[in-house]
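Please look through the following structure with its sequence beside it. The briefing below takes it topic by topic.

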Amino acid sequence: MRSDGAWDRDPVPDPLLRRLVGRVSVPPLAEQDAARLEAAIMSAVRREAARATAPAWWEIAARWAPAAAAAGLAAVVLSGLVLFGSPFSSSSAPEAAPETAAVAQVIGRYPGDAVLASLISGDDSDTLSPWSEP
Amino acid sequence: MSPTEGAGPRDHIAADAAAVERVLAGDAEAFAPMVRRFLQPAYNVAYRLLGNRQDAEDLVQEAFLTALANLRSFDRSRPFGPWFYRIVWTRGLNLRKSLARRAAEPLESERHPGTADPAADAERTELADTVLGALAELPERQRLIVQLFDLDGFSGAEIGEMLGLNPGTVRWYLHQGRRALRERLAPFQEALDEE
């Protein structure tokens, strides 16, 4: 190889070679072929871009993880309540008050006394009922 | 002039960098002007390598998608073309290997249709056969470099970047290839001059 700088820049094009080699070379893409190929490439590019921006399953999973954890916890608590009952409520049926019969007797003796009836039935409303003489 | 030059190289570097920036930001349409600009030269490179239109089109499409997938690794202070042609070239070599095609096959000739003059047709056929033979006799690297430089208009630097060679080495191969072709094709110079 010469070292006198002959390879430092490109040679001038050779028109004869260009004509001869060009004769047996396939011509460039025709306009409609180039347009078709360009459309196919851009369609693939759009598909790839859409796929790249669509979240992956693990991203979706990570996004919903806190809500899913809360829902799971709530489900466990509710299941526990259903199966074992609430610690805040009594598991047996409410007992009948032993004084029910006596109370009925007292109310029966004063049938028109609304205040007495109200006191015995446990009505704790603050509203005052109009006073009425027995 | 480089096949991808038009405006100044600096203008192209800036335009390419801006387009790449937009594509990376999610604007796929910003890739369209780049596809339009580099389609034909990329097809020429692909065709020189594979020698088949359909394979060349497939390779070009694959190369654009590879470029898109690797856009983050593209150095935006440099022109897009050589980086992209390098992708076309390396993917083309892999594809060719997988297709198990010989490199000499690219000389798929498209003869001119026959004319009313059988003698002229015969002469043209002889010329085409001689050119094809002369090209086929060249070592593959020389042949590809001659075609890319003299036919497709790539610069020595662009070819060097594509093939992973020093530009000086590319020019040396070009010189060797041209010399061999000129020797073989010299008898046809007069015929061509008369046309």
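In this predicted model, helix α7(B) is followed by Gly164(B), a residue whose phi is positive, near 75°.

**Helix α7 of chain B and its surroundings**

- The buried residues of α7(B) are Gly156(B), Glu158(B), Ile159(B), Gly160(B), Glu161(B), Met162(B) and Leu163(B).
- These buried residues pack against four helices of chain B, namely α2 (32–50), α4 (80–99), α6 (140–151) and α8 (167–185).

**Chain B as a whole**

- Chain B contains nine helices and zero strands, so that, by the way such elements are assigned, its order from the N terminus on reads α-α-α-α-α-α-α-α-α.
- Of the 195 residues in chain B, 38% are buried.
- When contacts in chain B between residues at least 6 apart in sequence are considered, 73% of them join residues that are at least 24 apart.

**The nonpolar core**

- The largest nonpolar core has 54 residues, and those with the most contacts inside it are Ala42(B), Val45(B), Ala46(B), Val60(B), Val88(B) and Ile145(B).
- Helix α2(B) gives the most to this core, contributing eleven residues.
- Ala46(B), if its neighbours within four places in sequence are left aside, is in contact with Ala56(B), Leu59(B), Val60(B), Val88(B) and Gly92(B).

**How α2 and α4 of chain B meet**

- The axes of α2(B) and α4(B) come within 10 Å and cross at roughly 35°, and this crossing of α2(B) and α4(B) is right-handed.
- On the α2(B) side, the residues that take part are Met34(B), Phe38(B), Ala42(B), Val45(B), Ala46(B), Leu49(B) and Leu50(B).
- On the α4(B) side, they meet Phe80(B), Gly81(B), Phe84(B), Tyr85(B), Val88(B), Trp89(B), Gly92(B), Leu95(B) and Arg96(B).
- Sorted by class, the contact of α2(B) with α4(B) has 13 nonpolar, two polar and one charged residues.

**A residue of helix α1 of chain B**

- Ala14(B) lies in helix α1 of chain B, which covers residues 9–24.
- Because Ala14(B) has 14 C-beta neighbours inside 10 Å, it counts as partly exposed, given that a buried residue needs 20 or more and an exposed one has 12 or fewer.
- Although Ala14(B) and Phe80(B) are 66 residues apart along the chain, their C-alpha atoms are separated by 10.0 Å.

**The contact between the two chains**

- The contact takes 41 residues from chain B and 33 residues from chain A.
- On the side of chain B that touches chain A, the elements that give two or more residues are α2, α3 (53–69), α5 (118–137), α6, α8 and α9 (189–194) of chain B.
- Helix α2(B) gives the most to this side of chain B, with eight residues.
- The residues on this side of chain B divide into 24 nonpolar, ten polar and seven charged.

**Confidence in chain A**

- Chain A averages a pLDDT of 76, and 70% of its residues score at least 70.
- Among the elements of chain A, helix α5 (residues 114–121) has the lowest mean pLDDT, at 73, whereas helix α2 (residues 31–53) has the highest, at 90.
- Where pLDDT is low, the predicted coordinates should not be read in detail.

Technical notes: Residues numbered from 1 in each chain as written. Chains lettered and ligands numbered in written order. Predicted model: local features only at pLDDT ≥ 70, side-chain atom pairs only at ≥ 80, totals over all residues. Contact = placed C-beta atoms within 7 Å. Core = buried A, V, L, I, M, F, W, Y, C linked by C-beta atoms within 7 Å. Nonpolar A, V, L, I, M, F, W, Y, C, P; charged D, E, K, R; others polar. Axes fitted to C-alpha atoms, helices over the stretch in contact; angles between N-to-C directions. Left-handed = near helix turned anticlockwise from the far one by under 90°. pLDDT = per-residue confidence, 0-100.
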